[in-house]
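This briefing goes through a structure by topic, from overall make-up to single residues. Please keep the sequence and the 3D view open while reading.

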Amino acid sequence: MLVWSRSGRLVLWVLFALLFGVLFLAPLAVILLSSLADQWNGVLPSGLTTEHYSEVVSGAAGSAVKASLITGFLASTLALVSGTWAALSLRLQGHALRRLLGLLFFIPSAVPSVSVGLGLLVAFSHPPLLLNGTVAIVMIAHFVLISAFTFGNVSAGLARLSPDFEQVASSLGARPAYRLWHVTLPLLAPYLVAAFGLSFALSMGELGATVMVYPPGWVTLPVSIFSLTDRGDIFAGAALTMILVAATLILLLGLERITARATGS
Amino acid sequence: MSAVAFTGTSVMDVDAAKVRGAGSNVHFDKVSVAYGAHVVLHPLSLDIAPGEILAMIGPSGSGKTTALRAVAGFVRPASGRIRIGATDVTDLPPYERGLGMVVQNYALFPHMRVEDNVAFGLRAQGADKALVTERVKDALGTVGMSAYARRYPRELSGGQQQRVAIARALAVRPRVLLLDEPLSALDAQIRRNMVEEIARLHRSLPGLTILYVTHDQTEALTLADKIAIMRDGRVCSHGPTTELYRRPPNRFTAEFLGRANLLPVTIVEGVGSKGFATARHGDKMLTGAGRDEKTGAKSLLCIRPQHLSLTADSEHTNRIVGTLREVHWQGELTHLMLDVDGTPVRISATRLPMALPEPGATVPLFFTPADTSLVPEDAGV
């Protein structure tokens, strides 16, 4: 404990509550209120309604939720598989090569997502790689943007994994595939679930690259929200945002339960 | 208690597995290991006989774990060959070597129950269900952990986890059991008990060849048939445990294997037919057990602390005089620290005279020639 005095701890708690309230809760509260606002001309809405939710649910919300969930699930799964594969493979390389390739993996996360979208648009607009206007290019954009995070998470998990587990398994006669499936991956499970959850959350909120590449008929939630607010329909945009938050939260809580079961905590 | 029989064969070879005492020998043939230009194990040639426990001991970085990992297949020798039984395993992957390994932190798979941990190697090798059940039962029975089969490793104490780790290694009926500092993570009391249990286990499985790596000389002295003492990537001595302890071939061995008082002496009469030489320490003439010491040679007279006495008797024909510096009482033992002509000397005794002399007092010390050993001063290590 860094602060021993009771008053000192109280001050810290108040400071934390203020920061948390202003930085995290206030924007969410405003969006929540907006999604339920009948009219909002003063400090608070003049009345509350669920009409905006009915409006977006009966409109494009259903297909947007579906597009976002499918995109998030497939891109995160792909990123998880490739990120795990890359982390496992790079572990066997020399220190210098491992660092270099590890850094390369993180480059897309340092580039603005709009630029990633633009790059993909240009790269895949000509045969033989003509993906422009397809759902696949949306998946690729999301995969490129989130794979660094899965790679990072799995690499961190591997770094914490004692080599003794795998070595003992080998000495007992386990071939590499058996060892991977029965020892390495189960031990990495908490990191894999965390990596998937993070990737999924990032994918669900991704706008910059998606808006550059999305085809008609595959409008994700962030793109729908952007369209609604761009048209001035702030309340409907807020309602859709709350749906996005709820969908992401439900999935992340589910993943957390899986992790807790896997680790026995 | 049913004992697990083991052989130098695959787990599937049930008939052969029933043969007791068919462990494999391990042969290091000029095995060296290097990381780049840094040699961590200089050419090592060593044999471990079937059913023997060889303890490799030495300080950190002496190459003992590297030698074990070379047998396990986790480090590739830069030169030399390793044979287990009749098989040259140098180029075989670890999973084809037919070994069992126990490591310091147990490395029990935390997501598996005890019984699944023990069954792991058998299942990995495709053993049928009935065989797995039988072997798991046997192995857990051997280490006295049958009652804990359904528990997870996190529900066991350190000592219990180590027993399960041993059971897991035994279940595959390894050709050789590799123990890499298996007791280092346990506290002193449990470690003492586990040493005795491993000794008992080996008595029940006399054919099991064990390579035991430790930095703890007590574990090595208690368990090993032979000891190899490592230093700076080389074996500085190797031989039967009692022989190495009683007749250390060099200063490092004398000091590393147990405690040793080493008095500098000059040989005045070489080793005679009875194996004793006469040596001078200061103005005292002493008799010590020697090998081939020549007259005039400089040597060290090694006397173990428990062999020094404050009282004379008919066998204590050697006498030196020291100045008492400190007395350390440790319950079972009392240690007296003395100075003998500038050489620190320790006495460890279970029983001492009721009235101990005060620090600073001059004290006569007696010892038997048969309890000494002359150690060459310039043995190169």
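Chain B contains nine helices and 19 strands, where helices (H or I, at least four residues) and strands (E, at least two) are DSSP runs numbered from the N terminus. This is a predicted model: local features need pLDDT of at least 70, side-chain atom pairs count only at pLDDT 80 or more, and totals for chains, interfaces and linings use all residues. Residues are numbered from 1 along each chain as its sequence is written, and chains are lettered from A and ligands numbered from 1 in the order in which they are written.

**Chain B overall**

- The C-alpha trace of chain B spans about 75 × 45 × 40 Å along its principal axes.
- Chain B has 381 residues, of which 45% count as buried. A residue is buried if 20 or more other C-beta atoms lie within 10 Å of its own, exposed if 12 or fewer, and partly exposed in between, with C-beta atoms placed from the backbone.
- Of the contacts in chain B between residues at least 6 apart in sequence, 66% join residues at least 24 apart. Two residues are in contact if their C-beta atoms, placed from the backbone, lie within 7 Å.

**The six-stranded sheet of chain B**

- An open sheet of six strands in chain B has the order β6-β7-β8-β3-β9-β10, with mixed pairing. Two strands pair if DSSP finds at least two bridges between them.
- Its edge strands are β6 (99-102) and β10 (234-240) of chain B, each of which pairs on one side only.
- On average, neighbouring strands of this sheet are turned by 15° against each other, direction ignored. Axes are lines fitted to C-alpha atoms, for helices over the stretch in contact, and angles run from 0 to 180 degrees between N-to-C directions.
- Five bridges join strand β3 (residues 53-57) and strand β8 (residues 209-214) of chain B in the parallel sense. B:A55 has B:Y212 as its bridge partner in β8(B).

**Helix α5 of chain B**

- Helix α5 (residues 158-171) of chain B lies across β6 and β7 (176-180) of chain B and runs at about 175° to β6(B).
- From first C-alpha to last, the 14 residues of α5(B) reach 20 Å, close to the 20 Å expected at 1.5 Å a residue; the expected span is 1.5 Å times one less than the number of residues.
- Twelve of the 14 residues of α5(B) are buried, so this helix is largely enclosed by the rest of the structure. Among them are B:R163 and B:R168.
- The buried residues of α5(B) pack against β6, α3 (114-124), α4 (129-142), β7 and α6 (188-204) of chain B.
- B:R173, which follows α5(B), has a positive phi near 50°.

**Residue B:S32**

- B:S32 is in strand β1 (residues 26-35) of chain B.
- B:S32 is partly exposed because it has 19 other C-beta atoms within 10 Å.
- B:S32 and B:G233 are 201 residues apart along the chain, and their C-alpha atoms are separated by 8.9 Å.
- Neighbours within four places in sequence aside, the contacts of B:S32 include B:V39, B:H42, B:P77 and B:G80.

**Contact between chains A and B**

- In chain A, 17 residues are in contact with 20 residues of chain B.
- The largest share of the side of chain A that touches chain B, seven residues, comes from α6(A).
- That side of chain A has nine nonpolar, six polar and two charged residues. Ala, Val, Leu, Ile, Met, Phe, Trp, Tyr, Cys and Pro count as nonpolar, Asp, Glu, Lys and Arg as charged, and the others, Gly among them, as polar.
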